[in-house]
Amino acid sequence: MTLITLAHGSRHPAAARAIEDLTAAAGALLGVPARAAYLELAEPDLPTAAREAPRAVVVPLLFTRAYHARHDVPAAARAARESGASLAVAEPLGLGPDMEEALVRVVASDAEPGAHLVVYAVGSSRPGANAEVAALCSRVARRAGRGHSVVFATGKGRRVGVAGLDEAARHHRRLHLVPLFVAPGLLLERALDALPQIAARRGAVVGASAPLGARLAPLVAGRYHAARASGARERRAA
(Lines give C-alpha, C1' and ligand atoms only; values in the text may rest on other atoms or scores of the structure.)
Protein backbone atom coordinates (compact mmCIF):
# COMPACT_ATOMS: atom_id res chain seq x y z
CA MET A 1 0.00 0.00 0.00
CA THR A 2 1.15 3.51 -0.82
CA LEU A 3 2.22 5.87 1.97
CA ILE A 4 0.50 9.26 1.85
CA THR A 5 1.76 11.83 4.30
CA LEU A 6 -0.81 14.48 5.16
CA ALA A 7 0.68 17.83 6.18
CA HIS A 8 -1.08 21.03 7.15
CA GLY A 9 0.41 23.02 4.28
CA SER A 10 2.24 26.35 4.24
CA ARG A 11 2.84 29.37 2.04
CA HIS A 12 6.56 29.16 2.82
CA PRO A 13 8.41 28.40 -0.43
CA ALA A 14 10.57 25.68 1.13
CA ALA A 15 7.82 23.88 3.03
CA ALA A 16 6.57 21.55 0.31
CA ARG A 17 10.09 20.41 -0.58
CA ALA A 18 10.77 19.50 3.05
CA ILE A 19 7.54 17.50 3.25
CA GLU A 20 8.35 15.73 0.00
CA ASP A 21 11.86 14.89 1.25
CA LEU A 22 10.42 13.45 4.49
CA THR A 23 7.83 11.49 2.52
CA ALA A 24 10.43 10.06 0.17
CA ALA A 25 12.70 9.10 3.08
CA ALA A 26 9.86 7.31 4.87
CA GLY A 27 8.80 5.56 1.67
CA ALA A 28 12.38 4.37 1.15
CA LEU A 29 12.47 2.95 4.69
CA LEU A 30 9.20 1.14 4.07
CA GLY A 31 9.96 0.08 0.51
CA VAL A 32 6.62 1.40 -0.75
CA PRO A 33 5.51 4.20 -3.09
CA ALA A 34 5.06 7.47 -1.21
CA ARG A 35 3.48 10.81 -1.93
CA ALA A 36 2.57 13.94 0.03
CA ALA A 37 -0.82 15.60 0.44
CA TYR A 38 -1.93 18.74 2.27
CA LEU A 39 -4.93 19.95 4.22
CA GLU A 40 -4.66 23.49 2.87
CA LEU A 41 -2.34 26.10 1.33
CA ALA A 42 -0.62 23.56 -0.95
CA GLU A 43 -1.47 20.85 -3.45
CA PRO A 44 -2.44 18.09 -3.86
CA ASP A 45 -5.18 17.68 -1.30
CA LEU A 46 -5.89 14.19 0.04
CA PRO A 47 -8.72 13.28 -2.38
CA THR A 48 -6.50 14.21 -5.32
CA ALA A 49 -3.54 12.20 -3.99
CA ALA A 50 -5.84 9.24 -3.28
CA ARG A 51 -7.13 9.18 -6.84
CA GLU A 52 -3.57 8.39 -7.91
CA ALA A 53 -3.00 5.99 -4.99
CA PRO A 54 -6.43 4.54 -4.11
CA ARG A 55 -5.04 1.97 -1.63
CA ALA A 56 -2.96 3.83 0.89
CA VAL A 57 -2.04 4.45 4.50
CA VAL A 58 -2.37 8.12 5.43
CA VAL A 59 0.02 9.42 8.10
CA PRO A 60 -0.96 12.88 9.41
CA LEU A 61 2.14 14.99 10.10
CA LEU A 62 0.63 16.56 13.21
CA PHE A 63 1.97 16.80 16.75
CA THR A 64 -1.17 17.32 18.84
CA ARG A 65 -4.75 16.12 18.69
CA ALA A 66 -6.07 19.62 18.15
CA TYR A 67 -8.54 20.89 15.57
CA HIS A 68 -6.73 19.67 12.46
CA ALA A 69 -6.34 16.12 13.80
CA ARG A 70 -9.89 15.89 15.15
CA HIS A 71 -11.77 17.58 12.30
CA ASP A 72 -9.76 18.33 9.17
CA VAL A 73 -8.05 14.94 8.80
CA PRO A 74 -11.27 12.89 9.16
CA ALA A 75 -13.07 15.25 6.75
CA ALA A 76 -10.32 14.89 4.14
CA ALA A 77 -10.34 11.11 4.53
CA ARG A 78 -14.13 10.98 4.12
CA ALA A 79 -13.90 13.04 0.93
CA ALA A 80 -11.24 10.72 -0.46
CA ARG A 81 -13.25 7.60 0.40
CA GLU A 82 -16.34 9.03 -1.26
CA SER A 83 -14.29 9.03 -4.46
CA GLY A 84 -13.63 5.30 -4.06
CA ALA A 85 -10.29 5.28 -2.23
CA SER A 86 -9.50 2.62 0.36
CA LEU A 87 -7.57 4.47 3.05
CA ALA A 88 -6.25 3.52 6.47
CA VAL A 89 -5.63 6.64 8.54
CA ALA A 90 -2.71 6.16 10.92
CA GLU A 91 -2.11 7.87 14.22
CA PRO A 92 -0.48 11.30 13.85
CA LEU A 93 3.16 11.88 14.76
CA GLY A 94 2.08 12.89 18.26
CA LEU A 95 4.22 13.68 21.29
CA GLY A 96 5.05 10.19 22.51
CA PRO A 97 8.27 8.35 23.34
CA ASP A 98 9.55 8.15 19.75
CA MET A 99 9.10 11.91 19.30
CA GLU A 100 10.94 12.38 22.58
CA GLU A 101 13.79 10.26 21.25
CA ALA A 102 13.90 12.27 18.02
CA LEU A 103 14.18 15.55 19.92
CA VAL A 104 16.83 14.15 22.26
CA ARG A 105 18.89 13.26 19.20
CA VAL A 106 18.41 16.74 17.75
CA VAL A 107 19.66 18.33 20.96
CA ALA A 108 22.64 15.98 21.17
CA SER A 109 23.73 16.68 17.60
CA ASP A 110 22.94 20.39 17.29
CA ALA A 111 23.03 22.25 20.60
CA GLU A 112 26.19 23.75 22.04
CA PRO A 113 27.22 22.39 25.46
CA GLY A 114 25.51 24.27 28.25
CA ALA A 115 22.99 26.04 26.01
CA HIS A 116 19.53 26.59 27.46
CA LEU A 117 16.94 24.92 25.23
CA VAL A 118 14.08 26.93 23.79
CA VAL A 119 11.51 24.67 22.16
CA TYR A 120 9.46 26.67 19.66
CA ALA A 121 6.03 25.27 18.75
CA VAL A 122 3.01 26.61 16.90
CA GLY A 123 0.64 26.61 19.86
CA SER A 124 -2.99 25.51 20.05
CA SER A 125 -6.26 26.86 21.37
CA ARG A 126 -7.33 23.36 22.46
CA PRO A 127 -7.24 23.04 26.24
CA GLY A 128 -4.36 20.80 27.24
CA ALA A 129 -2.51 20.75 23.91
CA ASN A 130 0.10 23.30 24.92
CA ALA A 131 0.55 21.53 28.25
CA GLU A 132 1.26 18.28 26.38
CA VAL A 133 3.95 20.04 24.35
CA ALA A 134 5.44 21.51 27.52
CA ALA A 135 5.51 18.08 29.18
CA LEU A 136 7.36 16.58 26.22
CA CYS A 137 9.89 19.39 26.25
CA SER A 138 10.44 18.92 29.97
CA ARG A 139 11.22 15.23 29.43
CA VAL A 140 13.65 16.02 26.61
CA ALA A 141 15.45 18.68 28.64
CA ARG A 142 15.69 16.41 31.67
CA ARG A 143 17.29 13.66 29.60
CA ALA A 144 19.67 16.17 28.01
CA GLY A 145 20.59 17.62 31.40
CA ARG A 146 19.66 21.15 30.36
CA GLY A 147 17.37 23.94 31.35
CA HIS A 148 14.55 24.69 28.97
CA SER A 149 11.80 27.10 28.03
CA VAL A 150 8.81 26.58 25.76
CA VAL A 151 7.75 29.41 23.49
CA PHE A 152 4.65 29.23 21.31
CA ALA A 153 4.37 31.09 18.02
CA THR A 154 0.70 31.91 18.63
CA GLY A 155 -1.36 32.75 21.68
CA LYS A 156 -1.23 35.32 24.44
CA GLY A 157 1.23 36.16 27.20
CA ARG A 158 4.89 36.99 27.63
CA ARG A 159 6.24 33.69 26.34
CA VAL A 160 4.72 33.93 22.88
CA GLY A 161 6.37 34.64 19.55
CA VAL A 162 9.40 36.89 19.19
CA ALA A 163 8.64 38.51 22.55
CA GLY A 164 8.86 35.07 24.17
CA LEU A 165 12.24 34.41 22.59
CA ASP A 166 13.47 37.81 23.77
CA GLU A 167 12.27 37.00 27.28
CA ALA A 168 14.23 33.74 27.26
CA ALA A 169 17.37 35.56 26.10
CA ARG A 170 16.94 38.07 28.91
CA HIS A 171 17.48 35.28 31.43
CA HIS A 172 19.93 33.00 29.62
CA ARG A 173 23.10 33.98 27.82
CA ARG A 174 23.43 30.79 25.75
CA LEU A 175 20.33 29.57 23.95
CA HIS A 176 19.50 26.91 21.39
CA LEU A 177 16.16 27.00 19.60
CA VAL A 178 14.63 23.61 18.80
CA PRO A 179 11.69 24.01 16.38
CA LEU A 180 8.79 21.61 16.92
CA PHE A 181 8.02 22.04 13.23
CA VAL A 182 8.04 19.37 10.55
CA ALA A 183 8.98 21.83 7.80
CA PRO A 184 9.83 25.50 7.30
CA GLY A 185 6.91 27.86 7.81
CA LEU A 186 6.20 31.56 8.00
CA LEU A 187 5.71 31.50 11.78
CA LEU A 188 9.06 29.80 12.28
CA GLU A 189 10.80 32.03 9.76
CA ARG A 190 9.66 35.11 11.68
CA ALA A 191 11.25 33.72 14.83
CA LEU A 192 14.50 32.69 13.13
CA ASP A 193 14.83 36.08 11.46
CA ALA A 194 14.53 37.77 14.86
CA LEU A 195 17.26 35.72 16.56
CA PRO A 196 20.27 37.83 15.45
CA GLN A 197 18.64 41.03 16.75
CA ILE A 198 17.67 39.32 20.00
CA ALA A 199 21.21 38.01 20.44
CA ALA A 200 22.71 41.44 19.85
CA ARG A 201 20.25 43.20 22.15
CA ARG A 202 20.66 40.75 25.02
CA GLY A 203 24.33 39.91 24.56
CA ALA A 204 23.40 36.27 24.11
CA VAL A 205 24.78 33.46 21.98
CA VAL A 206 21.83 31.93 20.13
CA GLY A 207 21.83 28.83 17.94
CA ALA A 208 18.99 27.06 16.18
CA SER A 209 18.21 23.66 14.70
CA ALA A 210 16.45 23.20 11.39
CA PRO A 211 12.85 21.92 11.29
CA LEU A 212 12.68 18.20 11.99
CA GLY A 213 12.06 17.22 8.36
CA ALA A 214 13.45 13.87 7.22
CA ARG A 215 14.64 13.08 10.76
CA LEU A 216 11.02 12.07 11.35
CA ALA A 217 11.08 9.39 8.64
CA PRO A 218 11.38 6.50 11.16
CA LEU A 219 8.34 7.85 13.05
CA VAL A 220 6.30 8.06 9.85
CA ALA A 221 7.33 4.51 8.97
CA GLY A 222 6.30 3.37 12.44
CA ARG A 223 2.85 4.93 12.12
CA TYR A 224 2.44 3.23 8.73
CA HIS A 225 3.36 -0.20 10.15
CA ALA A 226 1.02 0.26 13.13
CA ALA A 227 -1.90 1.18 10.87
CA ARG A 228 -1.30 -1.85 8.65
CA ALA A 229 -1.09 -4.14 11.69
CA SER A 230 -4.27 -2.66 13.17
CA GLY A 231 -6.12 -3.20 9.90
CA ALA A 232 -4.94 -6.82 9.75
CA ARG A 233 -6.17 -7.46 13.32
CA GLU A 234 -9.56 -5.94 12.52
CA ARG A 235 -9.94 -8.14 9.43
CA ARG A 236 -9.06 -11.28 11.42
CA ALA A 237 -11.55 -10.33 14.14
CA ALA A 238 -14.29 -9.90 11.54
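The following legends describe close-up views of a predicted model.

**View A. The setting of H116 in strand β5.** Residue H116 belongs to strand β5, which spans residues 116-121. With a relative accessibility of 9%, H116 counts as buried, because that value falls under the 20% cut-off. Its side chain and the side chain of H172 make a polar contact at 3.5 Å. When neighbours within four places in sequence are left aside, the residues in contact with H116 include G147, H148 and S149, and also H172, R174, L175 and H176.

**View B. The open sheet that contains β5.** Four strands, in the order β6-β5-β7-β8, form an open sheet in which the pairing is parallel. From one strand to the next, the twist averages 25°.

**View C. The pairing of β7 with β8.** Strand β7, comprising residues 174-179, pairs with β8 in the parallel sense, and four bridges join the two strands. Within this part of the sheet, L177 has A208 in β8 as its bridge partner.

**View D. Helix α5 against the sheet.** Helix α5, formed by residues 129-144, packs on the sheet and touches strands β5 and β6.

Key. Residues are numbered from 1 along each chain as its sequence is written. This is a predicted model: local features need pLDDT of at least 70, side-chain atom pairs count only at pLDDT 80 or more; totals for chains, interfaces and linings use all residues. Side-chain values use heavy atoms; hydrogens and water are left out. Buried means under 20% relative accessible area, exposed over 50%, partly exposed in between (1.4 Å probe, protein chains only). A polar contact is a pair of N or O atoms within 3.5 Å; within protein, one must be able to donate a hydrogen and the other to accept it, and residues adjacent in sequence count only if both atoms are side-chain atoms. Contact means heavy atoms within 4.5 Å. Two strands pair if DSSP finds at least two bridges between them. Axes are lines fitted to C-alpha atoms, for helices over the stretch in contact, and angles run from 0 to 180 degrees between N-to-C directions.
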